[in-house]
Amino acid sequence: SERHGFSGMIGSLSQAGKVANQRLKDLGIERYFTNLLVHEKCMKICRTIQKRAIELNIPLSFFKGPTLDIYAFQEPGIRSYSDLDILIGSRNDAWRLIKELKYECYEDVQEESFKNRFMETGRVHAFGDGWTIEFCYPLEHLCDPMFELLNKFEKRWLKIPASPETLVTPDPEIHLLLLIQHMSRHLCSRFIWFLDIVTLVRSNYNKIDFNWIEKEMRGLQMSNISSLLFSFC
């Protein structure tokens, strides 16, 4: 339950009277309220980052983590996460934001070994206010099909926050493709990732252009893996 990220969901079910086993119930409720606390702390840093992004006129969007809590599961106690993932336009924008926020950059993959640059392309890892933050940006010299997609459809994910309070996110189609790519890269090793897809689709069903997704998945050579994931879901 803990390894696959289900404990918060068990906590939600427990509060609805749908879990009989006391040990499981106790575990679930503890995890649920821990998730709630973590989420509130995370939203504080998200607001700080967005406020500074507005001041610097830097477009970005948050994905995975808190955005799934709010816009997919719609109940922050269910899903746990431990870091922040941010899409940003360039390495330079990531560094500008990190310096203005006075965060510590502990890894700039562009300056790391060949292996790291291959495995963690286009990333700057920072630490601030108790959080690990991963800035992900597309490269000018393309080497990753997902970056080609991001470069082609910048307006779908690169956005100036309207206010510090409302979390800016990619369009649900882009977010869905990012989730599927992330799952594939990590060999679908956590069960909660399937629920991420289910809840994101369910909560955005009327907004999602499935024909566009199908076309772009074919271009990314992701049709087979996507079909398998959706069939399983």
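Visitor: So, Y81 and W131: buried or exposed?
Guide: Y81 is buried, and W131 is buried too (buried is under 20% relative accessible area, exposed over 50%, partly exposed in between, with a 1.4 Å probe and protein chains only). Bear in mind that this is a predicted model, where local features need pLDDT of at least 70, side-chain atom pairs count only at pLDDT 80 or more, and totals for chains, interfaces and linings use all residues. Residues are numbered from 1 along each chain as its sequence is written, and side-chain values use heavy atoms, leaving out hydrogens and water.

Visitor: How many aromatic pairs are there?
Guide: The structure holds 8 (Phe, Tyr and Trp rings, the six-membered one for Trp, with centres within 6.5 Å; planes under 30 degrees apart are stacked, over 60 edge-to-face, the rest tilted). In one of them, the ring centres of Y81 and W131 are 6.0 Å apart with planes at 35°, so that pair is tilted.

Visitor: And why does that pair tie together parts that are apart in sequence?
Guide: Because Y81 sits in the loop between α3 (65-73) and β2, while W131 is in strand β5, 50 residues apart in sequence. Helices (H or I, at least four residues) and strands (E, at least two) are DSSP runs numbered from the N terminus.

Visitor: What about F191 and F232?
Guide: They make a tilted pair as well, 5.8 Å centre to centre with 55° between the planes. F191 is in the loop between α7 and α8 (192-203) and F232 in helix α10, 41 residues apart. F191 is at 35% relative accessibility, so it counts as partly exposed. F6, F191, F194 and F232 form one aromatic cluster.

Visitor: Switching to the sheet: what's the strand order?
Guide: The order is β1-β2-β5-β4-β3, an open sheet of 5 strands with mixed pairing (strands pair if DSSP finds at least two bridges between them). β1 (60-63) and β3 (104-108) are the edge strands. β1 and β2 run antiparallel, joined by 4 bridges, and L60 stands opposite I88 in β2.

Visitor: Last one: which residues lie nearest the centre of the largest pocket?
Guide: K64, D83, D85, H182 and H186, out of 28 lining residues. A pocket here is an open set of points on a 1 Å grid over the protein atoms alone where a 1.4 Å probe fits, with protein on both sides within 12 Å along at least five of seven lines; lining residues have an atom within 4 Å of a point.

Visitor: Which helix gives the largest share of the lining?
Guide: That's α7, with 4 residues.
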